[in-house]
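Here are a few exercises to work through with the model open in your viewer. Try each task before you read its solution.

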Amino acid sequence: MSFLTKPRAIGLAIALAIFAIDQWVKHLMVGPLDLRNQPGGVIDLLPFFDLRWTQNFGVSLGMFEATSPEMRWGLVLATAGIALVVTIWMMREKAFGDIIGLAMILGGALGNIRDRFEYGYVIDYADLHFGDFRPFLIFNVADAAITIGVVIILARSFFVRDKDETDTNETAPAVES
């Protein structure tokens, strides 16, 4: 069996596409839209969605905030290690649905790793809100891809059985006691 099967190649293409889209949108926020220098760092788009400049020095939900250069590079190394594990998992995975989820996680992780490497923080800008209620923290394309990828992996692990496993259970002879 070839190491780079068609599903894995598609997974790598999805990861690279997510990375490219994430970096392109962040480029728009820093460059043409100059979001950080807008009044209040905000561009109102819809009654429930704004672009809001945020520098995330932590990881998920702002936890483990990097308050020193050593912590910053520690986060870069830790997240790069996680990305490496996800890549290896994706290259060994056979189920296409899991490959898609892992590709989304990988693409998002690479986007946020690049930000942390280049700026020392992750650029967040997407602010979904309903009045003062915010169901999510301010996020970016990479964060959304990671979240969706994790949901896919979890949903598949809880609700989807591999066909081979189901077939094996159905064709196994009954054991009499």
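Contact here means heavy atoms within 4.5 Å. This is a predicted model, in which local features need pLDDT of at least 70 and side-chain atom pairs count only at pLDDT 80 or more, while totals for chains, interfaces and linings use all residues. Residues are numbered from 1 along each chain as its sequence is written, and side-chain values use heavy atoms, leaving out hydrogens and water.

**Exercise 1.** Find the residues that Val86 is in contact with, leaving aside neighbours within four places in sequence.

*Solution.* Next, widen the view to the largest nonpolar core, which has 13 residues. Such a core is a set of buried Ala, Val, Leu, Ile, Met, Phe, Trp, Tyr and Cys residues joined through side-chain atoms within 4.5 Å; buried means under 20% relative accessible area, exposed over 50%, partly exposed in between (1.4 Å probe, protein chains only). Val86 is among the residues with the most contacts inside this core, as are Ala83, Met90, Leu102 and Leu106. Helix 2 (69-92) and helix 3 (96-119) each give two or more residues to the core, and helix 3 gives the most, with seven. Finally, look for a second, separate core: this one has 10 residues, including Val25, Ile43, Leu51 and Tyr121. Helices (H or I, at least four residues) and strands (E, at least two) are DSSP runs, numbered from the N terminus.

**Exercise 2.** Work out the strand order of the open sheet and name the strands at its edges.

*Solution.* The three strands have the order 1-2-3, with antiparallel pairing; two strands pair if DSSP finds at least two bridges between them. Strand 1 (42-46) and strand 3 (122-128) each have a single partner strand, so one side of each is left without a neighbour in the sheet.

**Exercise 3.** Is Asn56 buried or exposed?

*Solution.* First locate Asn56, which is found in strand 2. With a relative accessible area of 17%, Asn56 is buried. Its bridge partner in strand 3 is Val122. Then follow the side chain of Asn56 to that of Asp124, where there is a polar contact (3.4 Å). A polar contact is a pair of N or O atoms within 3.5 Å; within protein, one must be able to donate a hydrogen and the other to accept it, and residues adjacent in sequence count only if both atoms are side-chain atoms.
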